[in-house]
Amino acid sequence: MLTHAIRFSAHGGPEVLRWETVELPDPGPGELRIRHQAIGVNFIDTYHRTGLYPVALPSGLGQEGAGVVEAVGPRVTEFRPGDRVAYCGGALSPVGAYSEVRNFPAERAVRLPDDISFETAAAVMLKGLTAQCLVRRTHRVQPGDTVLIHAAAGGVGLLLVQWAKQLGATVIATAGNDEKAELVRAHGADHVIVYTRENFTERTRALTNGRGVDVVYDSVGRATFLGSLDSLRPLGLMVSFGNASGKVEPFDIGLLAQKGSLFLTRPTLFTYIARREDLLAMAEELFAAIRQGWLDVKIGQRFPLSQAAEAHRALESRRTIGATLLLP
């Protein structure tokens, strides 16, 4: 069948993204054919586009979507046509969510409960599962913890703020301007630092009476890395899970000793969801958190699928709030 998708043949800026007509074969063994109702846009998509995380070219783009199963391939027993499904891709499945219809491995999809909308699912599968693994597995947030969350007005950041607060943490968050700071505060942060006019390390130290925080969740990368280390208490944990400002430069690991025998991890969601049973359990906990009102999934921007390049420009210029969706 013929369908439309965003494709690119060279790494570069948003201008390399093209709206193309593509031939989609029947789903193969173990595959579903999914007609998207909503598609999530994530910073990792820009890394694939620029070549920071290389993909074989030419390529599709996108790792997160929700829609309806149109057909199933051989050996698929868990799903049938008409099922509502959602997914986030990764190392175990190909990119290509920026499409009207696609084939996708059934073992990487989850059944979407009737009370979770397609838009919510597309906004929360990758970002929400990332938040789940960060606060429930990478560091299991406990009552009494104090956490620092960077880029707290972003898609993952807003979810982290809410989930950490529900788990009993004191939440210190950073944001780029007053509008974003107000949004973060409204979603439960105890303290919000506008990093464009305050030194977040100094302010964090002041807010913790010089102690430092138990854990930093840092998706910004190069611009905040050393300051984040300086915001930790002795034996604190630095969770570096993104590169919005660029890759962290190589450093002498002796710094971790000098700054208080710190712990450092660079997690990726796809390690945590590699086993299907973990994927299903984490998705179930995520949907339950939404259902219980723990998480308000903020969708700040919606773009037509054909305007994916404009969505990337908005994301990279930090003009976005919450999640960004593409709609076929």
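In which strand is the place of T146? T146 has its place in strand β8. This structure is a predicted model, in which local features need pLDDT of at least 70 and side-chain atom pairs count only at pLDDT 80 or more, while totals for chains, interfaces and linings use all residues. Residues are numbered from 1 along each chain as its sequence is written, and side-chain values use heavy atoms, with hydrogens and water left out. Helices (H or I, at least four residues) and strands (E, at least two) are DSSP runs, numbered from the N terminus.

At 13% relative accessibility, T146 counts as buried; buried means under 20% relative accessible area, exposed means over 50%, and partly exposed lies in between (1.4 Å probe, protein chains only). Not counting residues up to four places away in sequence, T146 touches T170, I172, T208, V213, D214 and V215. Contact here means heavy atoms within 4.5 Å.

Strand β8 (146-149) also takes part in covering helix α5. The buried residues of α5 (residues 200-207) are F200, T201 and T204. Seen down the axis of α5, these buried residues fall within an arc of 100°, so they line one face of the helix. The arc is that of the directions from the helix axis to the C-beta atoms. Besides β8, the cover over the buried residues of α5 includes β9 (170-175), β10 (191-194), β11 (213-218) and α6 (225-229).

Leaving aside neighbours within four places in sequence, V239 is in contact with L134, T138, V215, V216, Y217, D218, T265 and P267.

The text now turns to pairs of helices. Two packed helices are described by the angle between their axes and the distance between the axes. Axes are lines fitted to C-alpha atoms, for helices over the stretch in contact, and angles run from 0 to 180 degrees between N-to-C directions. Angles under 35 degrees count as roughly parallel, over 145 as roughly antiparallel, 65 to 115 as roughly perpendicular and the rest as oblique.

Helix α2 (residues 118-138) and helix α3 (residues 155-166) have axes that come within 9 Å and cross at roughly 45°. The two helices are therefore oblique to each other. From α2, the residues V124, K127, G128, T130, A131, Q132, L134, V135 and R136 meet G155, V156, L159, L160 and W163 of α3. By class, this contact of α2 with α3 has eight nonpolar, four polar and two charged residues. Ala, Val, Leu, Ile, Met, Phe, Trp, Tyr, Cys and Pro count as nonpolar, Asp, Glu, Lys and Arg as charged, and the others, Gly among them, as polar.

How does α2 stand to helix α9 (residues 276-291), and at what angle do the axes cross? The axes come within 9 Å and cross at roughly 105°, which makes α2 roughly perpendicular to α9. On the α2 side, the contact is made by T120, V124, M125, G128, L129, Q132, C133, R136 and R137, and on the α9 side by D278, L279, M282, A283, E285, L286, F287 and I290. The classes in this contact of α2 with α9 are 10 nonpolar, three polar and four charged residues.

Helices α1 and α10 form another pair, packed at an angle of about 110° with their axes 10 Å apart. That makes α1 roughly perpendicular to α10. F43, D45, T46, R49 and T50 of α1 make the contact with H312, L315 and E316 of α10.

R49 has its place in helix α1 (residues 43-50) and, at 2% relative accessibility, counts as buried. Its C-alpha atom and that of G12, 37 residues apart along the chain, are separated by 6.2 Å.

Finally, some loops hold particular backbone features. P58, in the loop between α1 and β4 (64-72), is joined to L57 by a cis peptide bond with omega about -5°. S261 is not a glycine, yet has a positive phi of about 50°; S261 lies in the loop between α7 (254-258) and β13 (263-265). R318, in the loop between α10 (308-316) and β15 (323-327), has a positive phi of about 60° although it is not a glycine. S261 is partly exposed, with a relative accessible area of 42%, and R318 is partly exposed, with 35%.
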